[in-house]
Amino acid sequence: MERTGLVLEGGGMRGVFTAGVIRYLMEQEIFIPYVIGVSAGACNGSSYISRQIERNRITNIDFIRHPEYISIKRFLKKRELFGMDFIFDKLPNELAPFDFETFNHAKEEFVVGATDCITGDPVYFEKSSFKKDILTILRASSSLPMMAPIINFHGKHLMDGGISDPIPIRKSQQDGNVKNVVVLTRNKGYQKEEQSMKWLFKRKYSQYEGLLHALSKRHEVYNDTLGYLEDQESKGNVLIIRPTEKMEVGRVERSPQKLAKLYQQGYEEAKRNHKNLNEFLRGQSPIASPL
């Protein structure tokens with residue numbers, strides 16, 4: 001399994017699909033040596049590294065109706081839809097404790113992608129260099145435009161990693177991983193459309209030309225990456241796991257029932273790919289999954 005990566009897309013609450021996939025991997029004691037993710041993907045990946053098999057379900061489903069998790073009232077008042085203090089402080093430190101010790105001592109490399117608002121370029125933070133700052137880094141990677149404030153960290157102004165590098169497959173390959181398991185949170189055939197609220201972004205982030213440029217190109221980067229993934233899949237370098245049923249969960253979803261259903265779909269999809277996954281990790285070319 002050497003030189004193999006696990007690449008996790010974001011997608012807000014659609015990330016519970018990834019949480020289901022990760023649960024199956026953990027049950028099967030499949031721990032891929034390199035994990036990279038953005039936004040919700042990175043958050044789910046952190047619990048994979050810390051070996052907390054129930055934590056993604058608890059934080060993403062059990063607490064979803066908590067008044068501090070998602071609040072329209074807070075959004076109207078503070079322009080913060082998700083309760084970032086609740087999600088990245090109260091939950092990991094009090095209500096659903098994150099196992100920092102296991103995370104810090106895990107042998108797997110863990111990389112989180114964010115977007116530099118000044119340059120518009122992706123920036124990556126490795127666990128080996130930023131163990132003590134993991135919650136801040138995850139928060140930065142998950143800070144969606146118009147829904148959360150910019151995070152200042154190490155002299156950089158950071159936001160959602162999905163803006164500049166939504167599926168960081170190329171970064172994983174650059175780091176030496178010749179094979180990658182990629183977990184997506186969109187159905188096959190999905191194409192991202194051009195941003196329709198450019199005027200609103202320009203008004204909100206007028207001092208961040210790099211961020212505005214990245215937002216304007218986001219759909220192109222995303223769709224190009226999907227094309228690249230399909231090419232890599234055809235060459236046997238990538239194994240893709242993604243939803244096969246119609247997506248009924250959006251980026252902002254508060255229904256525990258819908259989230260639990262998507263979580264189970266992720267679990268079942270990973271289970272269905274078990275043989276392909278084992279062959280892929282052993283270095284054999286898997287049969288393309290019938291997506």
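Predicted model: local features only at pLDDT ≥ 70, side-chain atom pairs only at ≥ 80, totals over all residues.
Residues are numbered from 1 along each chain as its sequence is written, and side-chain values use heavy atoms, with hydrogens and water left out.

A cavity here is a set of points, on a 1 Å grid over the protein atoms alone, where a 1.4 Å probe fits but cannot get out, and its lining residues have an atom within 4 Å of a point. Grid points are joined across faces, edges and corners, and the volume is the space filled by probe spheres set on the points. By this rule there are three cavities of 30 Å³ or more, and about 400 Å³ of space lies in the largest cavity. Helix 2, helix 3 (55-62), helix 5 (84-95) and helix 7 each supply at least two residues of its lining, where a helix is a DSSP run of H or I with at least four residues, a strand is a run of E with at least two, and both are numbered from the N terminus. Helix 5 gives the most to this lining, with five residues. The lining of the largest cavity divides into 14 nonpolar, nine polar and one charged residue, with Ala, Val, Leu, Ile, Met, Phe, Trp, Tyr, Cys and Pro counted as nonpolar, Asp, Glu, Lys and Arg as charged, and the others, Gly among them, as polar.

The second largest cavity has a volume of about 110 Å³. It is lined by 15 residues, of which E9, G10, G11, R218 and R251 lie nearest its centre, and by class this lining has four nonpolar, four polar and seven charged residues.

From the cavities we can turn to the loops. S142 is in the loop between helix 7 and strand 5 and counts as buried at 12% relative accessibility, buried meaning under 20% relative accessible area with a 1.4 Å probe and protein chains only. Leaving aside neighbours within four places in sequence, S142 is in contact (heavy atoms within 4.5 Å) with S39, A40, C43, M84 and F88. One of these, S39, is in the loop between strand 2 (34-38) and helix 2 (40-49), is buried at 6% relative accessibility, and has a positive phi of about 50 degrees although it is not a glycine. Most residues other than glycine have a negative phi. M146, in the loop between helix 7 (134-141) and strand 5 (151-153), also has a positive phi, near 70 degrees, and is buried with a relative accessible area of 16%.

The aromatic side chains complete the picture. Rings of Phe, Tyr and Trp (its six-membered ring) pair if their centres lie within 6.5 Å, and planes under 30 degrees apart count as stacked, over 60 as edge-to-face and the rest as tilted. By this rule the count comes to 12 aromatic pairs. The rings of F125 and F153 have their centres 5.6 Å apart and their planes at 70 degrees, so this pair is edge-to-face. The pair links distant parts of the chain, 28 residues apart, with F125 in strand 4 (residues 122-126) and F153 in strand 5. F125 is buried at 6%, and F153 is buried at 8% relative accessibility.

Key: Buried < 20%, exposed > 50% of the residue type's maximum accessible area, 1.4 Å probe, protein only. 1 Å grid on protein atoms, 1.4 Å probe; cavity = no way out; pocket = protein on both sides within 12 Å on 5 of 7 lines; lining within 4 Å.
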